[in-house]
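Subject: Structure handover

Hello,

Here is the structure I said I would pass on. Please look it over first; my notes come after it.

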Amino acid sequence: MKQAEDNGFAFKENGEEKPGLQIFRDHGYNWIRLRLFHTPTKLPNDLAYTIALAKEAKKQGFKFLLDYHYSDTWADPAKQFIPKAWEGKSHEELVEAVFTYTRSSMIAFLEADAFPDMVQIGNEISNGMMWPDGKLPENWDNLAELVQAGINGVYASCGNNPCPEIMIHIDKGGDKEYTKYFFDKLNSYDIRYDVIGQSYYPWWHGSLLDLRECLRFTAKEYQKDIIVVEAAYNWTPKEYIGKNPPFPESPEGQMNFLEEVNRIVLNVPDGRGVGVFWWEPAVEHWGSRSFFDERGNALPVITVFDKYTRK
């Protein structure tokens with residue numbers, strides 16, 4: 001969103017230009033999620049940039065989820081590049097680097113009055129992270145030590161302040177079997193974490209019933225809070241051209257998709273479904289997954305949480 005606004009792109013509601021964060025705040029949104037790259041060369045998401053975004057959002061009352069990619073660029077199930085600064089290090093050196101970097105960057109957030117409320121250790125780490133050292137399935141022991149180092153770095157930064165909750169994020173929102181495999185194995189290392197994050201894009205991750213079954217199982221099996229930390233749907237045809245979509249790829253279909261995902265999350269047993277994040281809702285002239293059309297006008301999906309948050 002900041003990139004778009006810095007480039008002069010205006011977000012609007014009912015034809016009136018407003019700061020993007022204000023539009024989301026007005027519709028009941030109460031968390032932001034910011035990615036952090038180690039030393040990016042093509043994207044702006046370094047430490048200083050991310051701290052500035054977090055400070056602005058905190059001023060407006062948002063809570064803050066920090067997403068460590070432990071990479072200089074996008075990390076996801078298809079790619080998990082080690083930061084260039086860490087290339088050539090041994091596993092033991094990588095573990096120390098993860099700890100030191102996490103602790104120092106968290107302290108920087110703390111000193112800027114922008115301390116995260118939640119931190120995810122890696123992004124979509126279904127296949128591990130920091131390849132090849134932490135690649136799955138062959139290097140589970142290494143991955144566990146890298147994840148633990150990140151968690152330890154978070155805890156080491158807290159001082160006398162409340163520590164953020166720790167999220168483990170995978171991309172298997174509709175895959176109960178893989179979710180069970182991953183968390184059974186992760187839990188065998190006695191790693192302490194608080195929240196399970198799932199990505200759910202229906203063209204990749206199954207039907208809404210698959211999502212419901214997976215989240216229900218996960219809540220019962222692991223007794224952890226669950227967040228659908230990435231979800232999206234298109235407001236113009238893209239993923240389902242020539243196929244039957246669960247909803248029309250239209251502004252109304254996009255809204256109906258989020259309503260259904262939110263309903264499933266709200267109905268996770270024992271109140272364990274605690275949130276939904278969208279990827280990405282505010283971008284410039286790009287992507288039919290946005291909450292705004294190509295001219296910056298807010299789409300109907302922006303209103304989904306009004307009925308839950310307005311008094």
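Below are notes on one helix pair and on the cavity search.

Please keep in mind that this is a predicted model.

Helix pair

Two packed helices are described by the angle between their axes and the distance between the axes. The pair here is helix α6, residues 176–187, and helix α8, residues 208–222. Their axes are 9 Å apart, at an angle of about 25°. Angles under 35 degrees count as roughly parallel, so α6 is roughly parallel to α8. The crossing of the two helices is right-handed.

On the α6 side, the contact is made by K176, T179, K180, F183, D184 and N187. On the α8 side, the residues are E213, C214, F217, T218, E221 and Y222. Sorted by class, this contact between α6 and α8 has 5 charged, 4 nonpolar and 3 polar residues.

Cavity

How many cavities of 30 Å³ or more does the structure hold? There is 1. The volume of the largest cavity is about 30 Å³. Its lining consists of E259, N262, R263, V304, K307 and Y308. Two elements give two or more residues to this lining: α9 (251–266) and α10 (306–309). Of the elements, α9 gives the most, with 3 residues. By class, the lining of the largest cavity has 3 charged, 2 nonpolar and 1 polar residues.

If you want to find these places in the viewer, start from the residue numbers above.

Regards

Note on methods: Residues numbered from 1 in each chain as written. Predicted model: local features only at pLDDT ≥ 70, side-chain atom pairs only at ≥ 80, totals over all residues. Heavy atoms only, no water. Axes fitted to C-alpha atoms, helices over the stretch in contact; angles between N-to-C directions. Helix = DSSP H or I, 4+ residues; strand = E, 2+ residues; numbered from the N terminus. Parallel < 35°, antiparallel > 145°, perpendicular 65-115°, else oblique. Left-handed = near helix turned anticlockwise from the far one by under 90°. Contact = heavy atoms within 4.5 Å. Nonpolar A, V, L, I, M, F, W, Y, C, P; charged D, E, K, R; others polar. 1 Å grid on protein atoms, 1.4 Å probe; cavity = no way out; pocket = protein on both sides within 12 Å on 5 of 7 lines; lining within 4 Å. Points joined across faces, edges and corners; volume = space filled by probe spheres on them.
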